[in-house]
Amino acid sequence: MKTNLYNYILELADNCLIGGQRLGELCGHGPSLETDIACTNISLDLFGQTRSYFQYAADIKGGDATEDSIAFLRYEREYKNVLLVEQPNRDFAYTIARQYLFDVFHLLLLEKLQFSQDMTLSAIAKKSIKEVSYHVRFSGDWVKRLGDGTEESHEKMQAAIDGLWTYTNELFEVTEEAKALAEQGIGVDVSKLKETYYQNVTSLLQEATLTVPESKYFQKGGKAGIHTEHMGYLLADMQYMQRAYPNMNW
Amino acid sequence: MIATNQHIDEVLIPILEKVSDPEIPVLSIMDMGVVRSARLINGIVEVSITPTYSGCPAMDVIGDDISKALKEHNYESKVKLVLVPAWTTDWITERGRNALREYGIAPPLNPDADKDALLGDKRIVKCTNCNSTNTKLVSQFGSTACKALFKCEDCLEPFDYFKCLK
């Protein structure tokens, strides 16, 4: 089995899966009908992308592996998503800030991944770029609207950005697998995206009249499977059906 | 997995034209442009379809509906999903665009106009009810992943706009 490639696919896909799961929690609970539908549509796009990645990962793993077993039957330490995407919704500003901070990265990543030497990864990236361009527009618009809105919305958006900032640096951490694959032209060296990322984010936050946090203290661990305390609850919710009724199907 | 040219055996066209998008029943999957190839090979029809959006839940149903329609004409079939080249709204045919409009969904504009409509405040999307362009974006995301929600400020009709994907 191509272990490096398999682990790298999980690294890419788990961000979509866990971020999508968080957005999906808003189904029926969004602050307005339109934002509810938007968040769940974005969630659906992310799950669609996850499926493409996991179908590929299941082929590589072989045996009994399926997209579902990879999604639902791993333990917490086996998920490789960044800490940012697993952070809870708290309020709408948090949801939007988390999404925006991820979307900007996601788009930069896919713009590189589309040139991967691996045909399947390249195909998934090309397909996903079109969707993620809409995501970043949506979340970016809302960061501006809330940041440059009322006194209260500004305060909440600033609190969300301040609270989530500590998770942004991990996006650019290069794992062993990713490094090896980047050298072969298959993976993306995410450390090279960092500068553009912070430039893009800074310029939008300023437009939104928000203060760009200056803290240099950053959290990491997700890519190595060491998650925040929120992850267990998320997985318990997400995996419940497969754990309670093993092998159930739609 | 690369299928650049759309190739569909002529005898299969009338059968596939009868299969519609489950979310938009007036629109044939052929006019939608999701069928990328359909060939009769050694007695089995091999069909390739491509999703409009990655998470489009209609794809499984479309695959089943294609197999069912072909079965009615005594063809065994294999349907597979291809991601390359990625679907674009350019593949929706003229007939498809008209069907959308009649159904109450404004068809996609060209990419620049689409950007103006969704990001700027330009009022250019035509209301499907009264044809006025005095329309306003309500939400970039609508009832399905492929649509945005608009409202006409003249006749007050809310309607979907099929987002341009290129």
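Predicted model: local features only at pLDDT ≥ 70, side-chain atom pairs only at ≥ 80, totals over all residues.
Local features need pLDDT of at least 70 and side-chain atom pairs count only at pLDDT 80 or more, while totals for chains, interfaces and linings use all residues. Residues are numbered from 1 along each chain as its sequence is written, and chains are lettered from A in the order in which they are written.

View 1. H3(B) spans residues 58-72 (helices are DSSP runs of H or I with at least four residues, strands are E runs of at least two, both numbered from the N terminus). Its 15 residues reach 21 Å from first to last C-alpha, close to the 21 Å expected (1.5 Å times one less than the number of residues). Ala58(B), Met59(B), Ile62(B), Ile66(B) and Leu70(B) are buried (20 or more other C-beta atoms within 10 Å of the residue's own; exposed means 12 or fewer, partly exposed in between, with C-beta atoms placed from the backbone). These residues lie on the same side of H3(B) because they cover an arc of only 105° around the axis (taken from the directions from the axis to the C-beta atoms). The face turned away from the buried side carries the exposed residues Lys68(B), Lys71(B) and Glu72(B). Among the elements covering the buried residues are helix H1 (13-17), helix H2 (29-32) and strand E6 (76-81) of chain B. Just after H3(B), Asn74(B) has a positive phi of about 60°.

**View 2. Surroundings of Cys39(A).** Cys39(A) belongs to helix H2 (residues 33-61) of chain A. Cys39(A) is buried because 27 other C-beta atoms lie within 10 Å. Leaving aside neighbours within four places in sequence, Cys39(A) is in contact with Leu23(A), Leu26(A), Gly30(A) and Thr95(A) (C-beta atoms, placed from the backbone, within 7 Å). The C-alpha atoms of Cys39(A) and Leu23(A) are separated by 5.7 Å, although the two residues are 16 apart along the chain.

**View 3. Packing of H2(A) with H6(A).** The axes of H2(A) and H6(A) come within 11 Å and cross at roughly 170° (lines fitted to C-alpha atoms over the stretch in contact, with angles from 0 to 180 degrees between N-to-C directions). The two helices are therefore roughly antiparallel (over 145 degrees; under 35 is roughly parallel, 65 to 115 roughly perpendicular, the rest oblique). Residues of H2(A) in this contact include Ala38(A), Ile42(A) and Tyr53(A), and those of H6(A) include Ile124(A), His135(A) and Phe138(A).

**View 4. Contact of chain A with chain B.** The contact takes 21 residues from chain A and 17 residues from chain B. H6(A) supplies the largest share of the side of chain A that touches chain B, 11 residues.

Conventions: Contact = placed C-beta atoms within 7 Å.
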